[in-house]
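Give the cut-offs behind each term as the term comes up.

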Amino acid sequence: MNFWNDPLKVAAEWLEGVFVGWGMNEIASHVLVVFLGVFLLVLILMVIDIFLVWIERKVVARFQDRIGPNRLGPFGLVQPFADIIKLIIKEDTTPDGADKVVYNLAPVLSMMSVLMVWAVVPIAPVMLSVDLNVGALFLIATGAIGTLSIIMAGWSSNNKFALIGGFRQVAIMVAFEVPMLATLMIPTIFSGSMNMNAIITAQDGLWFFVLSPLGALIFLIAAIAELGRAPFDLAEGESELVAGYSTEYSGMKFGMFYAGELLHALTFGGIWSILFFGGYRFFGLEQVSPFLAILIFLAKALLGYWVIMWVKYTMLRIRIDQMLVFNWVFLTPLAFALMLVTALMNALLKDASPWLYGLGMFLSNVVVGWIAIEIARSVSRKEREKVEGVHQVAEAHH
Amino acid sequence: MNEWLYVLLFMVVGAIIPIGAIAAGFIFGPKKPNPVKRETYECGIEPVGEAWVQFKAQYYIFALVFLVFDVEAVFLFPWAVKLGALGIYAVVEGIIFVSILVVGLIYAWRKGMLEWV
């Protein structure tokens, strides 16, 4: 046992020894060390969050054939710090008639819901904050706090744009939570546990992405909708809703919503990688050192984040009615059908060899996806014929 | 220490950080309110009427449909965890359980509740 293999435990024991040496009670020193550990993790997350602003701006610039921030410091790396200073020295206005308590609580809850998710995220084999046996449900529960913060912000601002934006965003978030729940069950079925670490350990042989590519895709779509990012960014819209639920917020309160959204995107990238891409695992490299495992996990999370950005900056927005119909009529039944097919195949192939098991799962995913796309295609063809038929009649009259 | 105490700790620390940031903004920012600045934003014109207006019932229906599936998840997660041990019988039960709830979704759909009007 040395620092290289288990840095957290070594550091914690050393610190506890120091505190006890100062004449502190043993339980008090333990609590203090745990508190410091949690504080350190959250602080590191906030620093990563600051650099996410830079990453996001650089990547969107490249997508749009621009250069992006490049004036402050090397490659514009100091830019986000300048942004933070700007946000801090802005006046923090509260509109008349706003419900002050709810109004001030909303940005705090928004950030807190994201930071709480990291309580169950294992970042290395020996580094996980809480080994909850209901990790998957915990994700959904913290997501509900985020939903709550948005409706609180929209309702308490005493602003029509904020109210409409908030309601829209909440309608999207609760709608897409259903397919997300259904696809969260797929890794649970494979690993037989809701524990995040157990889900990663179960991906020893094959990533769950190979077993359930369709499940990973549905989870990604639902995650993007939960984030309120394009193509599902209906809560915002300069020409119709101003800035949605955050219209009345200024200064650091707005900054908390903004930073919360960015960190949320990285968090979903991380969760996506845990559920379907093996988390901190990468061909045994994670056994070398926890430090390497953290780097692997961060790289995978950033890759997931990049995919979310890629979708955001290349897709068009879709209307809210199209989006809700897409969810309730297409995505939700598809997710549940996939979940039940996975459960059925799991029971049928339980005693088969790993290769047959993997092949059966992969093929069942392909078949379910193909059937769903065929049904969607035939329905949309009928719809198109209906509309185009009307057009042809109109043209004949002309 | 109990695992849920760690979660509580995360909750406390997760609240301290944004509160600290907002407090910093409160300390360093200027405070020069005036009636026009404190007015509700409505594209520059004076706001018309109350903001807490009556809202579309559509969202209420969506919330109801969501609730059905959310409660369903609570029952389905334990089922998914123990699926390996329970075998094919449990799978059939799960299919029946989900299809009962899907009937509710189809009912809402047929009634035209999912259409945006």
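Read along the sequence, chain A runs α-α-α-α-α-α-α-α-α-α-α-α-α. That comes to 13 helices and 0 strands, where helices (H or I, at least four residues) and strands (E, at least two) are DSSP runs numbered from the N terminus. The model is predicted: local features need pLDDT of at least 70, side-chain atom pairs count only at pLDDT 80 or more, and totals for chains, interfaces and linings use all residues. Residues are numbered from 1 along each chain as its sequence is written, while chains are lettered from A and ligands numbered from 1 in the order in which they are written.

Along the principal axes, the C-alpha atoms of chain A fill a box of roughly 95 × 65 × 40 Å.

Chain B follows the pattern α-α-α-α, with 4 helices and 0 strands. Its C-alpha atoms fill a box of roughly 70 × 50 × 15 Å along the principal axes. Here the globule rule gives a radius of gyration near 13 Å for 117 residues, but chain B has 25 Å.

One helix of chain A can be checked for length. Helix α5(A), residues 135-156, has 22 residues and should span 32 Å at 1.5 Å a residue; its end C-alpha atoms are 32 Å apart, which agrees. The expected span is 1.5 Å times one less than the number of residues. After α5(A) comes A:Asn158, whose phi is positive, near 60 degrees.

Now to the interface. In total, 67 residues of chain A are in contact with 56 residues of chain B, contact meaning that the C-beta atoms, placed from the backbone, lie within 7 Å. On the side of chain A that touches chain B, the elements giving two or more residues are α2 (26-63), α3 (79-88), α4 (100-117), α5, α6 (160-191), α10 and α12 (320-348). The most come from α12(A), with 13 residues. By class, this side of chain A has 44 nonpolar, 12 polar and 11 charged residues. Ala, Val, Leu, Ile, Met, Phe, Trp, Tyr, Cys and Pro count as nonpolar, Asp, Glu, Lys and Arg as charged, and the others, Gly among them, as polar.

Two helices of chain A can be followed onto α1(B). How do α2(A) and α1(B) pack? Their axes are 10 Å apart and at an angle of about 45 degrees; axes are lines fitted to C-alpha atoms, for helices over the stretch in contact, and angles run from 0 to 180 degrees between N-to-C directions. The two helices are therefore oblique to each other. Angles under 35 degrees count as roughly parallel, over 145 as roughly antiparallel, 65 to 115 as roughly perpendicular and the rest as oblique. The crossing is right-handed: a crossing is left-handed if the near helix is turned anticlockwise from the far one by less than a right angle, and right-handed if clockwise. In this contact, A:Val34, A:Phe35, A:Val38, A:Phe39, A:Val42 and A:Met46 of α2(A) face B:Leu9, B:Phe10, B:Val13, B:Gly14 and B:Ile17 of α1(B). The contact has 10 nonpolar, 1 polar and no charged residues.

The axes of α10(A) (residues 251-276) and α1(B) (residues 3-28) come within 8 Å and cross at roughly 150 degrees. That makes α10(A) roughly antiparallel to α1(B). Among the residues in contact are A:Gly251 and A:Met256 of α10(A), and B:Pro18 and B:Gly25 of α1(B). The residues of this contact divide into 6 nonpolar, 3 polar and 1 charged.

Within chain A, α10(A) also packs on α4(A), with axes that come within 8 Å and cross at roughly 20 degrees. These two helices are therefore roughly parallel, and their crossing is left-handed.

Definitions and conventions:
Contact = placed C-beta atoms within 7 Å. Rg over C-alpha atoms; globule rule 2.2 N^0.38 Å.
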